Amino acid sequence: MDSKKNYGRREFLKHSGILSAGIAGAGMTGIGLTGCSSAEKSKSQPHVQTFNMSGYSAPKLDVVRVAVIGLGNRGSGTVRRLASIEGVEIKALCDLEADRVSKAIESIKHLGHNPDPYAGNEDEWKRICDRQDIDLIAIVTPWHLHTPICVYAMESGKHAYTELPAAVTIDECWQLVETSEKTRKFCVQMSSSCHGGIPAVILNMARKGYFGDIIHGEGAYIHDLLLRYNFDKEMYHNMWRLKENIGKSGNLYPQHGLVPIIQLMDINYGDKMDYLTSVSGNDFMMGKTAEKLAATDNFFKPYVGQKYRGNINITTIRTNNGRTIMVQHDVTSPRPNVRFDLLSGTEATYKAPDKIATSHDGWIPEEEFKALVEKYTPEINKRFAALTREAAQIDNRGHSYFRVSPTDWRLIDCLRNGLPMDMDVYESAVSSAIIPLSIESVANRSNSIDVPDFTCGAWKTNQRGMDINLERGGGTTKLL
Ligand SMILES: NC(=O)c1ccc[n+]([C@@H]2O[C@H](COP(=O)([O-])OP(=O)(O)OC[C@H]3O[C@@H](n4cnc5c(N)ncnc54)[C@H](O)[C@@H]3O)[C@@H](O)[C@H]2O)c1
């Protein structure tokens, strides 16, 4: 094992300052991160993999007994999505606010679910994890709770299905890896993957050689959350998401743009991230918005004069096989959404939403693009579309089965068929690690920083995840 690249988490944290600064849920507090030289890293104890979760299949579950923790904007929909998949039994629902729990219970009664309510204090979720009759904990809370709940859930014998990001510090990334390996429980991130849609088609094309050798990928979380979300008093629990933008500058939400590229480049399965460098500009919008709102509403006074994240962050990553990735983060500018955006290969280039080029002469005509999509649509898209149509034909009860994501469906399908997960804890860890590493690079004039190898060298031999053609089986779970 290359100890320079696989430096231990405690040692990394000691040198980087992350352990003492504690950026998880940092809210309004600032952080001071310092660099960690290669020489220091090489002296440290490397992390040792105790069990390889890549390719691991857990004992099959006919019925997947689920609890959902956090029932706000996103979690209320997560409950309905999971309740609409065959073989799922929603056993418990939890939020700080009791009325959110009762509304969520009401929303799935017509599907035959009658979960137990948990509400009222910060630690109610522990009582759920302590139960013996639950298999999977879905976590849809503010970010700082994701790792604590995932770790407690896995330690209590449950699989964890967490909203993005799974972790916010390097220490948390290692906690997830160590706990998943020790307990042999899955820790999978929700959404943002090459399951379904055009990303699955592009992944299929890439695997069949259409793009030649993959050279470069670009993705982003460009989504204007300024006024309608982060500065909206009613939107997030205790303004948690606005507070996350204070005191640290970097890419705070990389997964939407990055995870499809991780899967397209087989990161952790033949390649790995080597190092990154990250740059953020100034805040041009959040501070001014706080001042403007505070002029007529005292509620916003504490948000004036804060050190807001630079509005645009650009992080570039080099992989061990010499490929490059660019991920951007911008949740304030008035511009349309961007997620997985570009894939460049030696033979062809894809640009979202629907462009392909095979030379510098321009993009291929729309009809040719459509023909390629038809030719390369993978089995997972076909099966999911058929199941969705089938559900639509037999069900007129008005719930949102169309919004069950292919990732939700595939997770339950793999658990019910005893198949390896398409997405594993190493992907959760490495995609989350971009948050603290980009913050550290930005704080150090964009100095490059090594990305920890959460697989401890197993990336060299790991077999590919993401079974988009259902070659290992499955695809049998219906939508209700
Ligand atoms: N994948 C996506 O496309 C997507 C979209 C939206 C949100 N998200 C993610 O979903 C998560 C939740 O976001 P949101 O918009 O629903 O936020 P929210 O503030 O609307 O909801 C969070 C909920 O968690 C509850 N909560 C807080 N502390 C708790 C505790 N100790 N125990 C139980 N419940 C607790 C709050 O009461 C609230 O109802 C975030 O991680 C966010 O990044 C993902």
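Start by selecting the ligand: of the 26 residues around it, Gly70, Gly72, Asn73, Arg74 and His237 come nearest (a residue is near a molecule or strand if its C-beta atom, placed from the backbone, lies within 6 Å of it). Coloured by class, the shell around the ligand shows 13 nonpolar, seven polar and six charged residues (Ala, Val, Leu, Ile, Met, Phe, Trp, Tyr, Cys and Pro count as nonpolar, Asp, Glu, Lys and Arg as charged, and the others, Gly among them, as polar).

The model is predicted: local features need pLDDT of at least 70, side-chain atom pairs count only at pLDDT 80 or more, and totals for chains, interfaces and linings use all residues. Residues are numbered from 1 along each chain as its sequence is written.

**The sheet**

Next, select strand 7, residues 214–222. Helices (H or I, at least four residues) and strands (E, at least two) are DSSP runs, numbered from the N terminus. Strand 7 runs antiparallel to strand 11 (residues 338–345), joined to it by six bridges; two strands pair if DSSP finds at least two bridges between them. Ile214 stands opposite Gly345 in strand 11, and Gly217 has Leu343 as its bridge partner there.

Gly217 stands opposite Ile325 in strand 10.

Widen the view to the open sheet of eight strands, whose order is 13-12-11-7-10-9-8-14, with mixed pairing. Strand 13 (355–357) and strand 14 (449–450) are at the edges with a single partner strand each, so one side of each has no neighbour in the sheet.

**The helices**

Select helix 7 (residues 146–155) and helix 8 (residues 170–183): their axes come within 9 Å and cross at roughly 15 degrees. Axes are lines fitted to C-alpha atoms, for helices over the stretch in contact, and angles run from 0 to 180 degrees between N-to-C directions. Helix 7 is therefore roughly parallel to helix 8 (angles under 35 degrees count as roughly parallel, over 145 as roughly antiparallel, 65 to 115 as roughly perpendicular and the rest as oblique). The residues of this contact between helix 7 and helix 8 divide into four nonpolar, five polar and two charged.
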